[in-house]
Amino acid sequence: MTLAGWEVMGQMIFTYDTELTLKAACVLVNTDRVDGERLDGLPALDAYLDSFGWTGRRDHDSAELESVCRLRARLGGIWAAADDEDAAVAQVNALLRDTKAQPWLTRHPEMPEWHLHLASVHDPLWQRMGAEIAMALADLIRAGELRRLKICAASDCEAVLIDLSRNRSGKFCDTGNCGNRQHVAAYRERRAKEAD
């Protein structure tokens, strides 16, 4: 990392923890948009949480899973509102308020750089996740980069993506192999025209 977590020439646009949280939010939203419901039980929730390093209290019950699914729906609404900055800001502010976000700096042996936590490790899972995701979205909005929240451009896909490319050129999600499918279809169409 360079310049306190920002890389101008490389891929990193935001701080590491902001990018990781935005990616985690994107994956969470997509757990019911591609190939059916993939957050279909506590083992699936644990696998998701472990893959992004979510720490703190876990109740391991159906109420916790349901609350994360409700959070997922709220986040999907924020992605859907990304073209309307005022609507997106209102939803992010509501999420910050509902989660009672209270920022504090911390670091861990596995992540020695200072980063923000926004809820107590004892707060319910959805509240901790919602607060951290809302703050990452607030960073995105403050940087004037809300247009990085996108819906996949493939006509048969409803997945969301966080476009972290330098020039905001990402169009396709990475959950359904959409980019490759679109490129293959375009190639075949060009070949068919050349054959005529």
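The model is predicted: local features need pLDDT of at least 70, side-chain atom pairs count only at pLDDT 80 or more, and totals for chains, interfaces and linings use all residues. Residues are numbered from 1 along each chain as its sequence is written, and side-chain values use heavy atoms, leaving out hydrogens and water.

Start inside. The largest nonpolar core has 40 residues. Such a core is a set of buried Ala, Val, Leu, Ile, Met, Phe, Trp, Tyr and Cys residues joined through side-chain atoms within 4.5 Å; buried means under 20% relative accessible area with a 1.4 Å probe, protein chains only. Tyr48, Leu75, Met129, Leu137 and Leu149 have the most contacts inside this core. Elements that each supply at least two of its residues include α1 (16–29), α2 (42–52) and α5 (125–142). α5 gives the most, with 9 residues. Tyr48 touches Ala24, Leu28 and Met129, among others; contact means heavy atoms within 4.5 Å. A second, separate core has 8 residues, including Cys157 and Cys173.

Now turn to the pockets. The largest has a volume of about 740 Å³. Its lining numbers 33 residues, with Asp17, Thr21, Met111, His115 and Glu132 nearest the centre. α1, β2 (111–117) and α5 each supply at least two lining residues. By class, the lining of this pocket has 17 nonpolar, 9 polar and 7 charged residues.

The second largest pocket has a volume of about 240 Å³. It is lined by 15 residues, and Lys23, Cys26, Leu161, Ile162 and Asp174 are the closest to its centre. α1 and β4 give two or more residues to this lining.

Terms used:
Buried < 20%, exposed > 50% of the residue type's maximum accessible area, 1.4 Å probe, protein only. Helix = DSSP H or I, 4+ residues; strand = E, 2+ residues; numbered from the N terminus. 1 Å grid on protein atoms, 1.4 Å probe; cavity = no way out; pocket = protein on both sides within 12 Å on 5 of 7 lines; lining within 4 Å. Points joined across faces, edges and corners; volume = space filled by probe spheres on them. Nonpolar A, V, L, I, M, F, W, Y, C, P; charged D, E, K, R; others polar. Lists of a residue's contacts leave out its neighbours within four places in sequence.
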